[in-house]
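Here are a few exercises to work through with the model open beside you. Try each task on your own before you read its solution.

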Amino acid sequence: MQYHLSWNNNIYGPCSREEVRNLYERKMIPAGAFISVDNGPWQTFEGGIIDAAPKMKCPPPPLTKPGPPRNMVAVSQNFIPWGEIFSLRFIKKKSVMLVLIFAGLPFLILAVAKFTFVIWGIYFCLVWAGVFCLLLRPSEMTVKSSIRYGLFTALIGIPFLLLAQRLPVISSFYDVLAGRSTNQNFFRIVTGFILGVGVCEELTKILPLVLFARKKICSVNSFIFMGIISGFGFAVAENIDYGKRCGLQMRSLAGLSPEISIVKYAELLSIQLLRFISLPLFHAAWSGIFAWFVCNYFRKKDFSYFWMGLFFTAILHGVYDASCMISIYLSFAVGITCVYLLLAFFTLGSHEGDDILNLKLNLK
C-alpha cells in the first residue's frame, strides 16, 4: 500500500506504511492532516488509520499553490524535530557534552593567550582522558580519585622529582644526557634514559597510587585508569616546559630568510604537536602498565610485582627516549608498541575481574 499525506496545502508521498508510522510516532504529522491510501479518497488522519482500510470519505484538501510562509520556524517544524534536538535529555548526555567541550575549548584557549601552552597541554590530556573513559567506563568514585592523583603528580610529584635529580647518583645519569659528562657513549646514554629518566619518572607517577589507592581497588582496570590519569598529570606539567622551550626557539626564526623560517616553523610546530598529542598518551601507557603490576602487588602481597613493573616500564620509557635520538620511525614503532601493551593489559584486567588470585585465561 502507498500512502499520501497532506497538510498546510501541501501533499507528501508516496510513503510506505512504516514511514507513515514512523512520522506518526515521532509526532511529525500535525493535527488536521489528511491521508490517502493507494490514491483513494482523502480522509482525516488518525493513528489507527495507518493499518485500516479507508472508510470515511472527506473532501480532498485544496491544492492551491502555497504562498510565502509567514513563520519559517513553524513551517520547519513539519520537517525538523526541534523539540527533540534541543531537549535537555539529549543535551545532558555525557558523549554530547564531551564533543561540545572539545570542540569549543580551542576558542577559549585563544581568548587567554598568556596561558596558551598550559591550556593546550591540559586540553589534549583531557581528550585522551575522555577516550579512556569511554573505553573503560570507570565509576564516578574512580574518576574523582583519579583526578586527585593526577593533580598530586603535577603539583607535588614533579617538584619532588626535580629535587631528586640533584642527588649524586641520579644527577650523574642526567649529566650524561645533558652532555656534561666527559665519558659519553651510546650505552651510557641508554642507561641514563632507563635508570635515570625512566625509573625516576615512573616512580613519580605511581607514587599517589602507592600512597592513597591501596584500599580503593575495586577492579584491575579501575586501578589502571588511575595510573593513566596520574600519567596525564605528569604530561601536563612536562608540556608546560616543552611549550616554554618552543617559544624560545620561535624567537630564533626572526633573523632567518623567509624560506628557511617557514621550514623551521613547520618543524617546530610538528614537534610541539607531537609533544602535546602523542607524548601524554605514552606517559599514560607507561604509568597504566605499571599500575597493573602494582595492583597485583597489593592483591597478592608479592613485592616482586612492584620491582618487575618498575623496571619493565622504565625500560620501555628509556628505550623510547633513546630511539628519539636515532630515528623518528624507530621512536614511532616503540611508542605504538607501548600503547599496544597498555591495551593488552586492559584485556588482562577485564579477564581478571575482581579476583586476581583466581586468574583464568581461556586462550583461543
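**Exercise 1. Find what the side chain of K144 meets in a salt bridge, and describe the surroundings of the pair.**

Step 1: K144 meets E140, with N and O 3.3 Å apart. A salt bridge here is a side-chain nitrogen of Lys or Arg within 4 Å of a carboxyl oxygen of Asp or Glu.

Step 2: Helices are DSSP runs of H or I with at least four residues, strands are E runs of at least two, and numbering starts at the N terminus.

Step 3: Check the cover. E140 is exposed at 57% relative accessible area, while K144 counts as partly exposed at 46%. The cut-offs: buried is under 20%, exposed is over 50%, and partly exposed is in between, with a 1.4 Å probe and protein chains only.

A word on the ground rules: this is a predicted model, where local features need pLDDT of at least 70 and side-chain atom pairs count only at pLDDT 80 or more, while totals for chains, interfaces and linings use all residues. Residues are numbered from 1 along each chain as its sequence is written, and side-chain values use heavy atoms, leaving out hydrogens and water.

**Exercise 2. The whole structure has two salt bridges; work out where the one between E202 and K205 sits.**

Step 1: The closest N and O atoms of E202 and K205 are 2.9 Å apart.

Step 2: Both residues belong to helix 9, three residues apart, about one turn of the helix.

Step 3: E202 is buried at 0% relative accessibility, and K205 is buried with a relative accessible area of 0%.

Step 4: Look at K205 again. Its charged end sits over the ring of F234, 5.7 Å from the ring centre. That label needs NZ of Lys or CZ of Arg within 6 Å of the ring centre and within 35 degrees of the ring normal.

**Exercise 3. Starting from T153, list what it touches beyond four places away in sequence.**

Step 1: T153 is in helix 7, and it is buried with a relative accessible area of 0%.

Step 2: Its contacts (heavy atoms within 4.5 Å) are I158, T204, K205, P208, S230, G233 and F234. K205 and F234 are the charge and ring from the previous exercise.

**Exercise 4. Describe the aromatic pair of F293 and F312.**

Step 1: The structure holds 22 aromatic pairs. Rings of Phe, Tyr and Trp (its six-membered ring) pair if their centres lie within 6.5 Å; planes under 30 degrees apart are stacked, over 60 edge-to-face, and the rest tilted.

Step 2: The centres of F293 and F312 are 6.0 Å apart and the planes are at 55°, so this pair is tilted.

Step 3: F293 is in helix 11 (residues 258-300) and F312 in helix 12 (residues 304-323), so the pair ties together parts 19 residues apart in sequence.

Step 4: F293 is buried at 9% relative accessibility, whereas F312 is partly exposed at 28%.

**Exercise 5. Which residues of helix 8 are buried, and what do they pack against?**

Step 1: In helix 8 (residues 168-177), the buried residues are I170, S171, Y174 and V176.

Step 2: They pack against helix 7 (140-164) and helix 9 (186-212).
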